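Student: I would like to go through this model residue by residue and then as a whole. Please show it before we start.

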Amino acid sequence: MSRWIENDAQWYEQRMVHCAACGRLIAKHFLIADVAGERTTFCGEGCEQIYRDYVLTERGRDYQRPADVMEQYRELMVP
């Protein structure tokens, strides 16, 4: 079950909320969903579905990107 919540931070606070699927910074309204027994934050229903269908099944909940991901990216790019 998911529900929308409003970020109640004051204008001078720096409370940063990020989407668990795409990483986007969420300014005002965000979606809270119970996924695999944990409360997870999303920017919308689409990201929630991507997280359930792809991130959890392909990467796993504790996925961390490789430390040398930028070096791998640069090697693969065409000059």
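Student: Is Glu48 buried or exposed?
Tutor: This is a predicted model, in which local features need pLDDT of at least 70, side-chain atom pairs count only at pLDDT 80 or more, and totals for chains, interfaces and linings use all residues. Residues are numbered from 1 along each chain as its sequence is written, and side-chain values use heavy atoms, with hydrogens and water left out. Buried means under 20% relative accessible area, exposed over 50%, and partly exposed in between, with a 1.4 Å probe and protein chains only. Glu48 has a relative accessible area of 9%, so Glu48 is buried.

Student: Which residues is Glu48 in contact with, leaving aside its neighbours within four places in sequence?
Tutor: Glu48 is in helix H1; helices (H or I, at least four residues) and strands (E, at least two) are DSSP runs numbered from the N terminus. Contact means heavy atoms within 4.5 Å. With neighbours within four places set aside, the partners of Glu48 are Ser2, Leu31, Ala33 and Phe42.

Student: Is Gly46 buried, exposed or partly exposed?
Tutor: Gly46 is found in helix H1. The relative accessibility of Gly46 is 46%, so Gly46 counts as partly exposed.

Student: Which backbone oxygen does the side chain of Thr57 reach?
Tutor: Thr57 is found in helix H1, residues 45–59. At 54% relative accessibility, Thr57 counts as exposed. A polar contact is a pair of N or O atoms within 3.5 Å; within protein, one must be able to donate a hydrogen and the other to accept it, and residues adjacent in sequence count only if both atoms are side-chain atoms. At 2.5 Å, the side chain of Thr57 reaches the backbone oxygen of Asp53.

Student: How far apart in space are Thr57 and Phe30, C-alpha to C-alpha?
Tutor: In sequence, Thr57 and Phe30 are 27 residues apart. In space, their C-alpha separation is 23 Å.

Student: Why does Thr40 count as buried?
Tutor: Thr40 belongs to strand S5, residues 38–42. Beyond its neighbours within four places in sequence, Thr40 is in contact with Ala20, Leu31, Ile32, Ala33, Val35 and Tyr51. A polar atom of its side chain lies 3.4 Å from the backbone oxygen of Glu38. Thr40 counts as buried because its relative accessibility is 9%.

Student: What is the phi of Ala36?
Tutor: Ala36 is found in the loop between strand S4 (29–35) and S5. With a relative accessible area of 51%, Ala36 is exposed. Most residues other than glycine have a negative phi. Ala36 is not a glycine, yet has a positive phi of about 55°.

Student: What is the radius of gyration of the protein?
Tutor: The protein has two helices and five strands, in the order β-β-β-β-β-α-α from the N terminus. The globule rule, 2.2 Å times the number of residues to the power 0.38, is set against a radius of gyration taken over C-alpha atoms. For 79 residues the rule gives 12 Å, and the protein is well over that, so it is more spread out than a compact globule, with a radius of gyration of 16 Å.

Student: What percentage of the residues of the protein count as buried?
Tutor: The C-alpha atoms fill a box of roughly 45 × 35 × 20 Å along the principal axes. Of the 79 residues, the buried share is 23%.
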